[in-house]
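Here are my notes for you to read alongside the model. Have a look at the picture, then go through the points in order.

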Amino acid sequence: MKRNSVYSGLRPPSVAGKAGSSIVRAAIAVLLLVPAFLPFDYYVNIATQILIAAIFASSLNLLVGYGGLISLGHAGFLGTSAYVLAWLATRGELSHLWASLGALGVTTVVAGLFGVLSLRATGLGFVMITLALGQILWGVAYRWVSLTGGDNGLSGFSRPHPLGIDLSSPGSFYLFTLVVFVLAFLFVSVFVHSTFGAGLQGVRDQPRRMQALGWDVWGIRFVTFVVAGFWGAVAGVLYADYNQFVSPHVLALTNSAEVLLMVIAGGAGTVLGPIVGAAVVVLLKNVVSAYITRWVMLLGFVFVLIVLYMPEGLVPGVERLRRRTVRRGAEA
């Protein structure tokens, strides 16, 4: 197959370009480390919430951005993981390590079962099935009081102590969350740029053609669904550890809609998009709400502006504007 002419004009990156990229990466690394040493716990906690939300949004982005499968029940994985961890740590009296592993294992199995059910359809059918499954989990958490505590939720468990390190302080827990975030970011980057990731995007764009070429379309979607559920479970473990409390709210439809908003606003189908979207939503939710009562209206207004002027999302939109500026500068 003949390559697009756009690629034929590409040149190897210059030394200056590589140096600039290294500087940007170093600046990002420093920026990520700064919150751990801030004297104000409030901002450290907000940074921790952003990282947890970024992991959660990145997991959904595997389905929405790279798989073309819009889910309205993704909060089910975060909530299931958080509840299992809380239950095993309190009523099961397991150590935090085994409770966390149990939460990840149970939620991954649930993701597999939900994947079998949800992938019987695509498009609107897939959306409705995931919505229904998420609502079933919310109903179980709300009504099964003897197991989940109902409205009162589950509490009474502490944060982990990996290698004897106390994570009770906001700064130490932020660093712990940052390590998990980096692992999740690296995994997602490798996953979407691998051969499997290329096949996933091919299935998203041309499922019939990929099927004709011998690709297992259903299998690719199923694996992606389970992987997305696993990383949603990781976010759920961090969520439970951060709040040290779990209630039915974590399984609500609003949480699934909120994380979907993060993906779309930041840029679906990009690695950095969900992270930027998570930062925008969490900041509006926590910081702006302290000054504006109707912050939800402001969030909706910001989303409308993004859709109107950057329909592809903030990250691709900013990149498009940067290229246009560079092009105009070169022409001038």
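1. Start with a term: a salt bridge is a side-chain nitrogen of Lys or Arg within 4 Å of a carboxyl oxygen of Asp or Glu. This is a predicted model, where local features need pLDDT of at least 70 and side-chain atom pairs count only at pLDDT 80 or more, while totals for chains, interfaces and linings use all residues. Residues are numbered from 1 along each chain as its sequence is written, and side-chain values use heavy atoms, leaving out hydrogens and water.

2. How many salt bridges does the structure hold? There are five. One of them joins Arg320 and Glu312, at 2.7 Å from N to O. Salt bridges with shared partners also tie Glu319, Arg322 and Arg323 into one network.

3. Now find Lys285 and Glu258, whose side chains meet in a salt bridge of 3.3 Å, N to O. This pair links distant parts of the chain, with Lys285 in helix α13 and Glu258 in helix α12, 27 residues apart. Helices here are DSSP runs (H or I, at least four residues), numbered from the N terminus.

4. Next, helix α14. Trp295, Leu299 and Ile306 are buried there, meaning under 20% relative accessible area, with exposed being over 50% and partly exposed in between (1.4 Å probe, protein chains only). Seen down the axis of α14, its buried residues fall within an arc of 50° (taken from the directions from the helix axis to the C-beta atoms), so they line one face of the helix. The face turned away from that buried side carries the exposed Met297, Phe301 and Leu308.

Notes. Helices (H or I, at least four residues) and strands (E, at least two) are DSSP runs, numbered from the N terminus.
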